[in-house]
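This report describes one protein chain for a reader who is new to structural description. Please consult the sequence and the structure shown below while reading.

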Amino acid sequence: MQADHAADLGVGADHVWAMGAPWDDQVVRQGGRLMGLGDNGVIPTDESFGGNIMESDSGGHTGFFDESSLSIRNQAAVIAGQYDKVQLE
């Protein structure tokens with residue numbers, strides 16, 4: 001993200017949505033650092049980032065799009081602007 005906080009993105013923190021996966025989040029965190037996207041290790045699913053963290057039932061990022069999963073339902077609710085239907089962590 002090259003940002004330490006959702007508010008740094010200029011869209012309002014309430015419009016920043018993130019979803020994580022247990023093991024994959026460590027890959028994202030370290031991969032971002034190694035690719036020059038920041039050395040602080042902050043990723044959008046960190047509470048300190050300040051966005052909305054959606055609940056996921058996936059063990060990895062590839063499962064975010066599994067049919068009938070909580071992950072895909074949460075994403076669909078955000079896309080449709082039905083924020084009250086999103087299950088947050």
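## Terms and model

A residue is called buried under 20% relative accessible area, exposed over 50%, and partly exposed in between. The model discussed here is predicted.

## Overall architecture

The chain contains two helices and two strands. Read from the N terminus, these elements follow the order β-α-β-α.

Of the 89 residues in the chain, 37% count as buried. The accessible surface of the chain amounts to about 5,600 Å², and carbon and sulfur atoms account for 53% of that surface. When contacts between residues at least 6 apart in sequence are considered, 59% of them join residues at least 24 apart.

## A patch of negative charge

Which residues gather in a patch of negative charge on the surface? The patch consists of Glu55, Asp57, Asp66 and Glu89.

Glu55 is located in the loop that runs between strand S2 (52–54) and helix H2 (70–79). Its relative accessible area is 32%, so Glu55 is partly exposed. Asp57 also has its place in the loop between S2 and H2. Because its relative accessibility is 48%, Asp57 counts as partly exposed.

## The surroundings of Asp57

Leaving aside residues up to four places away in sequence, Asp57 touches Ser69, Leu70 and Ser71. Asp57 and Leu70 are 13 residues apart along the chain, and a distance of 5.9 Å separates their C-alpha atoms.

Notes. Residues are numbered from 1 along each chain as its sequence is written. This is a predicted model: local features need pLDDT of at least 70, side-chain atom pairs count only at pLDDT 80 or more; totals for chains, interfaces and linings use all residues. Side-chain values use heavy atoms; hydrogens and water are left out. Helices (H or I, at least four residues) and strands (E, at least two) are DSSP runs, numbered from the N terminus. Buried means under 20% relative accessible area, exposed over 50%, partly exposed in between (1.4 Å probe, protein chains only). Contact means heavy atoms within 4.5 Å. Accessible areas come from the Shrake-Rupley method with a 1.4 Å probe; for residues, only the protein chains shown count as cover. Patches are made of residues with over 30% relative accessible area and no salt bridge: like charges are joined within 9 Å, nonpolar side chains (Val, Leu, Ile, Met, Phe, Trp, Tyr) within 5 Å. A salt bridge is a side-chain nitrogen of Lys or Arg within 4 Å of a carboxyl oxygen of Asp or Glu. Lys and Arg count as positive and Asp and Glu as negative; His and the chain ends are not counted. The place of a charge is taken as NZ of Lys, CZ of Arg, CG of Asp or CD of Glu.
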